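Subject: Structure handover

Hello,

Here is the structure I promised to pass on.

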Amino acid sequence: MLKRSFEPARGRWMIPPVNSSGSTKERILGAAELLFAQRGFDGASLRQLTAAAGVNLAAVNYHFGSKDKLVEEVFRRRLDALNERRLTALAKIAGAEDSTLEDVLEAFIRPALDLSHDDSGALFMRVLARAFAEHDDTLRQFLSANYGHVMRQFTAEFARLLPQLSKEELYWRIDLVTGALTHAMSGFGMIQRKSDVSEHVHREQTAQHLIRFAIAGLSHP
């Protein structure tokens, strides 16, 4: 059942023709992101990747050194920009007496939803969902080592605004909120955008519902 949930809709995310105008590195990253979303990290072979990108294996080795490093670079390409936006938003409200739980959740959730509703960002969300669904410990360690500081800064602000929660209880609730966000970003849920609703309106509806849900879950006694 899980495997089926990763199947792309007919006509979506099929391997595109090689874009010769893009740099070799960008073509490899684009092909890798697409194949990882479709087939998983183990299921996407280097042979398939080089064929999709229109390059040879030597080019992959030159730019990335290994498949593991290529996977890491796929994540860096999206997450560096995402977390820079998150931290910039958080810096404006962290520690302020008048900041609220909603403010912190806005800083955490909206940049992620903006990315997930961009065409290429939506594809990356499938890759991110793969990482968690496949229990890839090496990748999780990479994400923790390189992006754990972002979550720690948000956790510190949540803790400041929710002093009644024990550390363990706070971690449970943040973890569940993060799971809900990942689910919303991946587009696997029952709620799909209606044909008469714009992408902007749908994203706004998603953000509002998710933020209200998260506030209730985090602040519940």
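A word on contacts before the findings: two residues are in contact when heavy atoms of theirs lie within 4.5 Å. Please also keep in mind that this is a predicted model.

**Helices α6 and α8**

With that cut-off, L101, V104, L105, A107 and F108 of α6 meet M151, F154, E157, F158 and L161 of α8. By class, this contact has nine nonpolar residues, no polar ones and one charged one. Helix α6 covers residues 101–116, and helix α8 covers residues 137–161. Their axes come within 10 Å and cross at roughly 165 degrees. Angles over 145 degrees count as roughly antiparallel, so α6 is roughly antiparallel to α8. The crossing of α6 and α8 is left-handed.

**Helices α2 and α4**

The second pair is α2, residues 24–43, with α4, residues 57–64. Here too the axes come within 10 Å, and they cross at roughly 100 degrees. The range from 65 to 115 degrees counts as roughly perpendicular, and α2 and α4 are therefore roughly perpendicular to each other. On the α2 side, the residues are T24, K25, I28 and L29. They meet A59, V60, H63 and F64 of α4. This contact of α2 with α4 divides into five nonpolar, two polar and one charged residues.

**The whole chain**

How many helices and strands does the protein have? The count is 10 helices and zero strands. From the N terminus on, the order of elements is therefore simple to write: α-α-α-α-α-α-α-α-α-α. The protein has 221 residues, and 40% of them count as buried. Take the contacts between residues at least 6 apart in sequence: 75% of these join residues at least 24 apart.

**Aromatic rings**

A pair of aromatic rings is described by the distance of the centres and the angle of the planes. Five aromatic pairs are counted in this model. In one of them, the ring centres of F36 and F41 are 5.2 Å apart, with the planes at 50 degrees, so the pair is tilted. F36 is buried, at 0% relative accessible area. F41 is buried as well, at 4%.

Now F142 and Y147: stacked, tilted or edge-to-face? Their ring centres are 6.3 Å apart and their planes stand at 80 degrees, so this pair is edge-to-face. F142 has a relative accessible area of 8% and is buried. Y147 counts as buried too, at 10% relative accessibility.

There is also a cluster to look at. F36, F41, F75 and F124 form one aromatic cluster.

**M125**

Is M125 buried or exposed? Residues under 20% relative accessible area count as buried, and M125, at 2% relative accessibility, is therefore buried.

Which residues does M125 touch, leaving aside neighbours within four places in sequence? M125 is in contact with L115, S116, M185 and S186. E33 and M125 are 92 residues apart in sequence, yet 9.9 Å apart in space, C-alpha to C-alpha.

Best wishes

Conventions:
Residues are numbered from 1 along each chain as its sequence is written. This is a predicted model: local features need pLDDT of at least 70, side-chain atom pairs count only at pLDDT 80 or more; totals for chains, interfaces and linings use all residues. Side-chain values use heavy atoms; hydrogens and water are left out. Buried means under 20% relative accessible area, exposed over 50%, partly exposed in between (1.4 Å probe, protein chains only). Axes are lines fitted to C-alpha atoms, for helices over the stretch in contact, and angles run from 0 to 180 degrees between N-to-C directions. Helices (H or I, at least four residues) and strands (E, at least two) are DSSP runs, numbered from the N terminus. Angles under 35 degrees count as roughly parallel, over 145 as roughly antiparallel, 65 to 115 as roughly perpendicular and the rest as oblique. Ala, Val, Leu, Ile, Met, Phe, Trp, Tyr, Cys and Pro count as nonpolar, Asp, Glu, Lys and Arg as charged, and the others, Gly among them, as polar. A crossing is left-handed if the near helix is turned anticlockwise from the far one by less than a right angle, and right-handed if clockwise. Rings of Phe, Tyr and Trp (its six-membered ring) pair if their centres lie within 6.5 Å; planes under 30 degrees apart count as stacked, over 60 as edge-to-face and the rest as tilted.
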